[in-house]
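Subject: Two-chain model for your files

Hello,

I am passing on the structure below. My notes on it follow.

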Amino acid sequence: MTTAVAGTAVRAPGAARARRRSAVIGWAFLAPLLVLNLVVVLGPSIATVYYSLTDWSGLGPAEFIGLENYTKAFTDPDVHQALLHNVIWFVLFGSVPMAMGLLGAYLLSQVRRFQVLFRALYFIPYVVASVVNAAVWKMLLSPTSGIGHQFGIDHSWLGDTATSLFSVNFVVDWHFWGFLAVIFLAAMQGIDPQLYDAASVDGAGRWQQFLSVTLPGIRPTMIFVILMTVIWTLKAFDYIFIMTQGGPAGSSEVVSTLMYKQAFNEYSAGYAAALGLSMTAITAVILAVYQYLRKKGWEDE
Amino acid sequence: MTARSFSRRRFLTGASLSAAAIAAPGVLTACGGSDDSGAGSGSGKVDLWLDIQGDANQKYFNEQVAALFEKANPSVDLNTTYYKGDDLRRLVQTALQARSGPDVVRGPSATQTLAWSKAHALADLTPYADKYGWKDKLSAWAMNAFTTDDKLFALPMRVDTMMLYFNKTLFASKGWKQPTNRDELEALAAEAHGQGITAFGSSNVDWKAAGEWLMTVFWNHYSGPDALHQALSGDIKFTDPVFVEAVELVQSYFDKGWLAGGVDKYFAVPSQEIGANFGKGKVAMIPQGGWFMSQVGQYFGAKAKNDNEWDWMPIPALRNEVKYPLFELGIGGSLGINEASKNKDAAATFMNWYYGDRGAALQRMADVPATYNIPIDFADADIPKKIDPRSARVLTSLNKAVSTGDYGYVTWTWWPPKTDVYVYEGLEQVLTKKIKAADYCKELDRLFTEEKADGTIPALPAQGPAK
């Protein structure tokens, strides 16, 4: 012990210098990105906090009004409706593509021939730009010329307040599930094949193998995907904006489209900033919970 | 303040700057030196962002506007960038806030441009208007809409009105006459509907604000321009039954399946599909703005693989007390100068060229239907002979409406900005039966009263014959 301390004491000046040098080099490499982050992330973030406390049209001077925008958001029925739609969106977006992705990946993992071809086919909707997908589906869902119409169903999927949100969500699920399938397949391929052999020897069938070997084996990937799904749900915007613009009559409105309308149509950019920050706070809470559970070893159980 | 102004003036008139100016006269010219009025002759690069869509239309602008302007003004380089309509507005608004963006600002309708002006994002054009005599060149009613507190904040870009386009071949084959009043219109709509033909094509799928086109039609041709003038002047309320009934009438046309084939289809069928069905004769009429004239042709004739023809008629009077024909007047879009522009004089040079040459402006109106209909005063005889007779009829009809006073008011020009947004957002609530027509008008009136009190409302043209 004494020797070690003495030895450390002898080496200390050189080692400390080396540590300092490597730290300086590390910071030097980080510096450009940090500066960039300060300019494009931190600066606008601080500005957003300030504007959320003001009555600001989005142009010209802003008038400080304290927490008025936040209290308004709490009582605004449009915000409540949009938040509810975000929750519905999360339930659907978090379950349908996940289930389809898992099933697709598992089936694909059993296939040896043409696996690459199927993977590519699954992936195509995800690669196509959302604006293209949305425009095509808008036509496909038309009540007078779309797919349904060809089969004698003239329902107006996007024009009916009862189905507009679900219809847009369907298109997003269609766009997304192939991506999840490929991610899950990659995770499944990392599972030790001996585990399947052992399960088989123990008399486990395909379903039991899936439940007892596959799912635990891809647990970290699944948890990461769930986390990302929550974040993507809160950010949901492009498909809704292109296909329904939140309509009809707000029936597919989510917080992000409402925010856009407030900022650019209603000239209430201060209020839009408050809505945006509220959503950021919700995302931060979710991330914090995830990090906490991760530290507790939840992913690896 | 006085001391600072004095010292700055002394500095500017100082010997050193004079010497520099004598030595390098071009330097000051390039910076857009101003005369005493604040409006100088500019040169250099001028950025212009536009929402002209389609290769042919952009080619026309590049060749017949940008190139001709640069030929006439070799010292100014007009740099045009094209965007989609919705994108353009968002981009310009964001750029204006950041004190950047184009020199010439293609703004939205008068009512929305007014909001930009109130936020001091647009330059005061009054000195340029005085210098170039714009007030003598452009129609007074349109210029007044862009003047607030005696300051001109933009120039009106395009005269808008609403018309009823119809499939002429279908009308001929069915023996239908052009309706002029509500009874005739409803009889025709019922007959078309009975034959499986959509009486009035309409959709808000590609343009969310399309609902205000409908309200413009029904408020003008049912409630009437007198009632509208009184409401917009604050003399009566938008809760007056004459406005509520107009909203109920729109709703009833949807409920009967006459408009768009029903509310659900209005929210779901893309406008391209409606246009194609219009060309085929599956849609009889389309209530649309003058701008539609530059698009409707694609749905008819050899290109659309049919032998049908289109035409337009004035919107029928929907109440006996309302005149026929009546044309609602408004301005679609504006051209202003960015307050943050470093080349305001050159931007004004372009605007003066664009608005100042009456002959060239009339030729553009003749070449491209509706797109270039700037509000200038002209006699019917001035219209170039090489013009589509249907386009010519729009110009002569509007001239007559202005001279006789038989005109109404479009929502996107004469309503204040937030009220204008509620016109179409709130209408969706009515059509989906979330609120009643009376509640819609009540909220509309609340917003209008609030914005009118703030002064965020364009100057309304006086009733009667106007210039």
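Two residues are in contact if their C-beta atoms, placed from the backbone, lie within 7 Å. By that criterion, and leaving aside neighbours within four places in sequence, B:Phe350 is in contact with B:Val46, B:Phe69, B:Val76, B:Leu78 and B:Val104. Please keep in mind that this is a predicted model.

As a general point, nonpolar side chains in soluble globular proteins tend to be buried together.

Between the chains

The contact between the chains takes 24 residues from chain A and 26 residues from chain B. On the chain A side, the classes are 12 polar, nine nonpolar and three charged residues.

Domains of chain B

The assignment divides chain B into domain 1 (37-158 + 331-386) and domain 2 (160-329 + 391-454). Taken over C-alpha atoms, the centres of these two domains of chain B are separated by 28 Å. Domain 1 of chain B puts 18 residues into the contact and domain 2 of chain B puts in 16 residues. Helix H6 of chain B (residues 110-118) supplies the largest share of the domain 1 side, with five residues. By class, that side of domain 1 of chain B has 10 nonpolar, six polar and two charged residues.

Domains of chain A

For chain A, the assignment gives domain 1 (2-52) and domain 2 (71-295). The centres of the two domains of chain A, over C-alpha atoms, are separated by 38 Å. The contact involves four residues of domain 1 of chain A and six residues of domain 2 of chain A. The domain 1 side in chain A has two nonpolar and two polar residues, and no charged residues.

Helix H22 of chain B

Helix H22 of chain B covers residues 417-431, 15 residues in total. At 1.5 Å a residue, times one less than the number of residues, helix H22 of chain B should span 21 Å, and its end C-alpha atoms are 22 Å apart, so the two agree. H22(B) bends by about 30° at B:Val423. Of its 15 residues, 14 are buried, so H22(B) is largely enclosed by the rest of the structure. Just after H22(B), B:Lys433 takes a positive phi of about 65°.

Regards

Technical notes. Residues are numbered from 1 along each chain as its sequence is written. Chains are lettered from A and ligands numbered from 1 in the order in which they are written. This is a predicted model: local features need pLDDT of at least 70, side-chain atom pairs count only at pLDDT 80 or more; totals for chains, interfaces and linings use all residues. Ala, Val, Leu, Ile, Met, Phe, Trp, Tyr, Cys and Pro count as nonpolar, Asp, Glu, Lys and Arg as charged, and the others, Gly among them, as polar. Helices (H or I, at least four residues) and strands (E, at least two) are DSSP runs, numbered from the N terminus. The bend at a residue is the angle between axes fitted to the seven residues ending there and the seven starting there. A residue is buried if 20 or more other C-beta atoms lie within 10 Å of its own, exposed if 12 or fewer, and partly exposed in between; C-beta atoms are placed from the backbone. Domain bounds come from an automatic or database domain assignment.
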